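The questions below take the pieces in turn.

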Amino acid sequence: MIEIATSSTTTTLVIAGDLDLAERDQFPEIAARVVGLRRQLLVIDMCRVTFMDSTGAAFLISLADAGRRRGGATVLRGADDRDLFVLEVCGALDLFRIDTDHHCEQSDTATGGASVELPQRPRPA
């Protein structure tokens, strides 16, 4: 699942689940919507990404490249080491600013909306 939120200067893309070949059919439409918004800053929230392959990386790279061509910036928030490794292997890590201060949180309605820290995703063996 991919959600898009906007403010006057920022587009935030919140990704949950797998970002891979199986999801590629939705990438062109989402990319067109994000690029069409023409915000200077794109924040990609990856806190809930469970898996990313090179197809998902290519999608993120295309978004970052489109933003860079317009003079904008793309920030990765909540990306784990494996996600960063995939982007590095693709030679594209320098297209992104990495938010190292972000701590993934989730609103828990059972506790009245209090924030709870998400567990780390399991690393592949």
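**Packing and strand order**

Q: Are Phe-27 and Phe-59 buried or exposed?
A: In this predicted model, a residue with under 20% relative accessible area counts as buried. Phe-27 and Phe-59 both fall in that class: buried.

Q: How many aromatic pairs does the structure hold, and what is the geometry of the pair of Phe-27 and Phe-59?
A: The structure holds one aromatic pair. Phe-27 and Phe-59 form it, with 4.2 Å centre to centre and 10° between the planes. Planes under 30 degrees apart count as stacked, and the pair of Phe-27 and Phe-59 is stacked.

Q: Which helices does the pair of Phe-27 and Phe-59 link?
A: The two residues are 32 residues apart and belong to distant parts of the chain. Phe-27 is in helix H1 (residues 27-37) and Phe-59 is in helix H2, so the helices linked are H1 and H2.

Q: In which sense do strand S2 and S3 pair, and over how many bridges?
A: One of the residue pairs is Asp-18 with its bridge partner in S3, Phe-51. Between S2 (residues 10-19) and S3 the sense is parallel, over nine bridges.

Q: What is the handedness of the crossover from S2 through H1 to S3, and of the unit made by S3, H2 and S4?
A: The chain passes from S2 through H1 to S3 as a right-handed β-α-β crossover. S3 and S4 run parallel, joined by five bridges, and Leu-41 stands opposite Ala-73 in S4. With H2, these two strands make a β-α-β unit that is also right-handed.

Q: Why do the buried residues of H3 line one face of the helix?
A: The buried residues of helix H3 (residues 81-89) are Asp-83, Leu-84, Val-86 and Leu-87. They line one face because, seen down the axis of H3, they fall within an arc of 155°.

Q: Which exposed residues sit on the face of H3 turned away from its buried side?
A: The buried residues of H3 are covered by elements including strand S3 (41-52), helix H2 (54-69), strand S4 (73-77) and strand S5 (97-99). The face turned away from the buried side carries Asp-81, Phe-85, Glu-88 and Val-89.

Q: Which backbone nitrogens does the side chain of Asp-80 reach?
A: Asp-80 is in the loop between S4 and H3 and counts as buried at 10% relative accessibility. At the start of H3, a side-chain oxygen of Asp-80 comes to within 3.1 Å of the backbone nitrogen of Arg-82. A polar atom of the Asp-80 side chain also lies 2.9 Å from the backbone nitrogen of Asp-83. The nitrogens belong to Arg-82 and Asp-83.

Technical notes: Residues are numbered from 1 along each chain as its sequence is written. This is a predicted model: local features need pLDDT of at least 70, side-chain atom pairs count only at pLDDT 80 or more; totals for chains, interfaces and linings use all residues. Side-chain values use heavy atoms; hydrogens and water are left out. Buried means under 20% relative accessible area, exposed over 50%, partly exposed in between (1.4 Å probe, protein chains only). Helices (H or I, at least four residues) and strands (E, at least two) are DSSP runs, numbered from the N terminus. The arc is that of the directions from the helix axis to the C-beta atoms. Contact means heavy atoms within 4.5 Å. A polar contact is a pair of N or O atoms within 3.5 Å; within protein, one must be able to donate a hydrogen and the other to accept it, and residues adjacent in sequence count only if both atoms are side-chain atoms. Rings of Phe, Tyr and Trp (its six-membered ring) pair if their centres lie within 6.5 Å; planes under 30 degrees apart count as stacked, over 60 as edge-to-face and the rest as tilted. Two strands pair if DSSP finds at least two bridges between them. A crossover is right-handed if, with the strands pointing away from the viewer, the path from the first strand over the helix to the second runs clockwise.
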